[in-house]
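Subject: Structure for you to look at

Hello,

Here is the structure I promised to pass on. Please open it and keep it beside this message as you read.

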Amino acid sequence: MEVSSLRHWKVIPILLITLQFTTNMVLSLVDAPFDNQRNIEYIKSSCSSTTYPRLCYRSLSIYANKIDTSPRLLVDTALNVTLKASKSTSRLMVKISRIHGLRPRVAAAMADCIEVIGDSVDELQQSIEELGHVSRSNFALTMSDIQTWVSAALTDEDTCMDGFAGKSMNGNVKTMVRKRIVKIAHLTSNALALVNNYASTQSNLP
């Protein structure tokens with residue numbers, strides 16, 4: 001009788017621990033959709049201040065869990081998304097430039113584009129690195145540098161597009177290049193808007 005009673009009391013703590021674990025899991029699953037919805041709403045609200053809000057939301061909402069509601073992580077993600085797209089475009093342009101039979105003016109425009117998009121990639125990378133070092137003591141100076149680099153990246157992309165202006169540049173190459181450059185220019189513009197928003201207040205510091 002005493003042995004049976006002892007076993008009974010040993011089982012109770014195990015049941016309580018199991019119940020608590022199960023309860024925590026259920027609560028976690030219940031809270032997750034609400035947290036994700038909050039993050040998505042934060043991204044949507046932040047993107048509303050950009051020039052291309054729909055593109056902004058589409059490109060960033062898939063990272064809602066990572067971004068949470070952090071202005072710094074929002075900017076970091078926007079810059080990384082832009083950098084990834086810029087690198088992809090740069091690789092494509094290098095491949096196109098190796099096509100035989102390109103008209104001289106198209107080939108020259110491609111060469112110029114490859115150079116300036118390379119500069120844009122470097123400036124975006126520098127911005128991301130600097131953002132990782134931002135703190136309350138260096139906030140204003142660091143954010144000013146980041147704004148300068150992202151603005152320069154946008155200028156480089158505009159320069160590339162200008163090289164393909166004019167009727168004499170019509171053709172599949174122009175269409176393909178401009179489509180990709182316009183995309184990264186819009187991403188860069190959005191990233192710059194989010195950088196400017198973050199830079200406007202030190203209360204957003206991590």
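Predicted model: local features only at pLDDT ≥ 70, side-chain atom pairs only at ≥ 80, totals over all residues.

Positive patch
Start with R54, R58, K179 and K183. Together they form a patch of positive charge on the surface. Two elements each give two or more residues to this patch: α2 and α7, where α7 covers 172-199. Look at K179, which sits in helix α7. Is K179 buried or exposed? Its relative accessibility is 66%, so K179 counts as exposed. The cut-off for exposed is over 50%.

A serine in helix α2
Stay with helix α2, which runs over residues 53-60 and includes S59. S59 is buried, because its relative accessible area is 15% and buried means under 20%. What does the side chain of S59 lie close enough to for a polar contact? A polar atom of that side chain is 3.0 Å from the backbone oxygen of C56. The limit for such a contact is 3.5 Å.

Negative patch
Which residues form the negative surface patch? They are D112, E115, D119 and D122. One of them, E115, belongs to helix α5, residues 104-131. E115 has 52% relative accessibility, so it counts as exposed.

Best wishes

Notes: Residues numbered from 1 in each chain as written. Heavy atoms only, no water. Patch = residues over 30% accessible without salt bridge, like charges linked within 9 Å, V, L, I, M, F, W, Y side chains within 5 Å. Areas by Shrake-Rupley, 256 points an atom, 1.4 Å probe, with all protein chains shown as cover. Salt bridge = Lys/Arg side-chain N within 4 Å of Asp/Glu carboxyl O. Lys, Arg positive; Asp, Glu negative; His and termini not counted. Charge placed at Lys NZ, Arg CZ, Asp CG, Glu CD. Helix = DSSP H or I, 4+ residues; strand = E, 2+ residues; numbered from the N terminus. Buried < 20%, exposed > 50% of the residue type's maximum accessible area, 1.4 Å probe, protein only. Polar contact = N/O pair within 3.5 Å; in protein donor to acceptor, adjacent residues only side chain to side chain.
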